[in-house]
Amino acid sequence: MGTGRVFVGRRAELERLLREARPASLRTVPVVVGPSGIGKTSLAREAARRLTGEGYLALHISVTQPVSSLEDLYRVLASEVGVSYSSLALGALRGLVERVLEAVYGSGWRSRLRDADALLERSVYDVLAEFFLELARRARRDGRRGVVAFIDEAQNILRSMEPGDIWGFVKMLASLQEELPSGDAAAFQAVLVTSEYGFQQRLLRHSPSPDYVDTFYLGEMTRGDAYSLYQALGERGPGTGERDFIECCVGGHPVHLAMAARRGLVDTVCHGVRKMQQIIVEHLHGLDEERRDEAGEVLRRLARQPLLRIPGYDRLLDGLVERGVLQYGCSSYLGVYDWNPDCTGDESLCGGGGWCGGLDVVAPASRMARAGLLLALGEVGALPGSVVDACGLGGVYPLAPGLP
Ligand SMILES: Nc1ncnc2c1ncn2[C@@H]1O[C@H](COP(=O)(O)OP(=O)(O)O)[C@@H](O)[C@H]1O
Ligand SMILES: [Mg+2]
């Protein structure tokens, strides 16, 4: 989302995130996780913008690729994306990063920057620790209330790391959070954002203790937010004939809403569910026969309700999670089967995301994926008639032999 774009809804989710993102001298490192395209980056940037308005130095650091060279690291830390959501000017940010690299790597660091293969001698988190300290000193000098760093796609920082490195990374963030503010540095808080469920899992598994990691799951927008976004993007709300399509196959998924608003609802849904169907059928055919039946049975149940995660399912379904057809989610804010409740009073129960114990269930990653599951399993009857008719799904074809 560019700076000029609108940010719609997500009121309860933003409040919940902000509450824990303000520095509070606690060791807990929050990790925001949820399906791809659900709005994690948008939410993090909006939070950074809001915190900047409250007097914090807030930065959104976007780690778009694995960091293995000095140049990668420089690019990640000194990027325009981060500063556009903070009160820091790009020049000031670059100056700060340069000071840190000079302190860590000595005065020769600049010549090594041009050598794209110059690997990092020190671990990334050593450099990050220096960078955050420097940010905190600057914040103190500028009279800011503290530093908040959103590290987006944080798994990329630790891509090639051993469990011990994850331990060290979390410990580093936690001690910066606990020890600051000091005489010359302001308080600090990190927030990790990731689209990789395995990363959240590894953080929990390899942290010094469970106290170090808190999970913030972002799921579908509420119905109210979804309709507002559809209207904001397409200049009109959904008509009555369109609601079946949204209910069935779009829901509160921002990317699907944007596609529907721009390309048309019917095309988006009809193409989307068939694409999902194809991915699912290919996944099933990649399994050996015995596991295919087992996976088919699990998928049939998943089309109706989320299932508690057990390792056996992960083995059968990981491929579909990686391809964004299934997700590991937090049952309290799942959406996908039913809309999350709109905020009409009881703030504690509304909205499509918030803190939860962890990713306890497996479910379709979106309503489109859920419809694709039904289609792949030959259960067209479970889809709304209007969708079946408009997409020409009614001429039920017999399943190919070998499919569950
Ligand atoms: N609350 C929102 N208001 C407006 N647009 C949104 C909102 N959330 C997501 N979007 C749009 O949906 C798309 C995907 O959002 P993004 O934040 O990149 O998701 P993620 O980081 O979870 O993959 C972007 O184009 C973004 O502009
Ligand atoms: Mg993102």
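## Conventions

Two strands count as paired if DSSP finds at least two bridges between them. Helices (H or I, at least four residues) and strands (E, at least two) are DSSP runs, numbered from the N terminus. The model is predicted: local features need pLDDT of at least 70, side-chain atom pairs count only at pLDDT 80 or more, and totals for chains, interfaces and linings use all residues. Residues are numbered from 1 along each chain as its sequence is written, while chains are lettered from A and ligands numbered from 1 in the order in which they are written.

## The three-stranded sheet

Three strands make an open sheet with the order β6-β9-β7 and antiparallel pairing. β6 (307-308) and β7 (326-329) are at the edges with a single partner strand each, so one side of each has no neighbour in the sheet.

Four bridges link β7 to β9 (residues 361-364) in the antiparallel sense. Within this pairing, Q327 has A363 of β9 as its bridge partner.

## The six-stranded sheet

A second open sheet contains six strands in the order β2-β3-β4-β1-β5-β8, and its pairing is mixed. From one strand to the next, the twist averages 20°; angles run from 0 to 180 degrees between N-to-C directions, and axes are lines fitted to C-alpha atoms, for helices over the stretch in contact.

Strand β1 (residues 29-33) runs parallel to strand β4 (residues 188-194), and three bridges join them. V32 stands opposite V193 of β4, and V31 stands opposite L192 of β4. β1 also pairs with β5 in the parallel sense, over five bridges, with V29 opposite V213 of β5. Four of the five residues of β1 are buried, so the strand is largely enclosed by the rest of the structure. A residue is buried if 20 or more other C-beta atoms lie within 10 Å of its own, exposed if 12 or fewer, and partly exposed in between, with C-beta atoms placed from the backbone. In a regular strand, side chains alternate between the two faces of the sheet.

## Helices on the sheet

Helix α1 (residues 11-21) lies across β1, β3 (147-152), β4, β5 (213-218) and β8, and runs at about 45° to β8. Helix α9 (residues 197-206) packs on the sheet and touches β1, β4 and β5; its direction makes about 160° with that of β1. Residues are in contact if their C-beta atoms, placed from the backbone, lie within 7 Å.

L173 lies in helix α8 (residues 163-179). L173 is buried, with 25 other C-beta atoms within 10 Å. Leaving out residues up to four places away in sequence, L173 touches V29 and A190.

The axes of helix α5 (residues 90-105) and helix α7 (residues 124-141) come within 9 Å and cross at roughly 135°. α5 and α7 are therefore oblique to each other: angles under 35 degrees count as roughly parallel, over 145 as roughly antiparallel, 65 to 115 as roughly perpendicular and the rest as oblique. The crossing of α5 past α7 is right-handed; a crossing is left-handed if the near helix is turned anticlockwise from the far one by less than a right angle, and right-handed if clockwise.

On α5, the contact is made by L96, V97, R99, V100, A103 and V104, and on α7 by D126, V127, E130, F131, E134, L135 and R138. By class, the contact has eight nonpolar, no polar and five charged residues, where Ala, Val, Leu, Ile, Met, Phe, Trp, Tyr, Cys and Pro count as nonpolar, Asp, Glu, Lys and Arg as charged, and the others, Gly among them, as polar.

Helix α3 (residues 70-77) is mostly covered, with six of its eight residues buried. The buried residues are L70, D72, L73, Y74, V76 and L77, and they pack against β2 (57-62), α5, α6 (109-113) and α7.

## Positive phi in two loops

E153 is not a glycine but has a positive phi of about 55°. E153 is found in the loop between β3 and α8 and is buried, with 21 other C-beta atoms within 10 Å.

V336, in the loop between β7 and β8, has a positive phi near 70° and is likewise a residue other than glycine. V336 counts as buried, with 22 C-beta neighbours inside 10 Å.

How values were computed:
Two residues are in contact if their C-beta atoms, placed from the backbone, lie within 7 Å.
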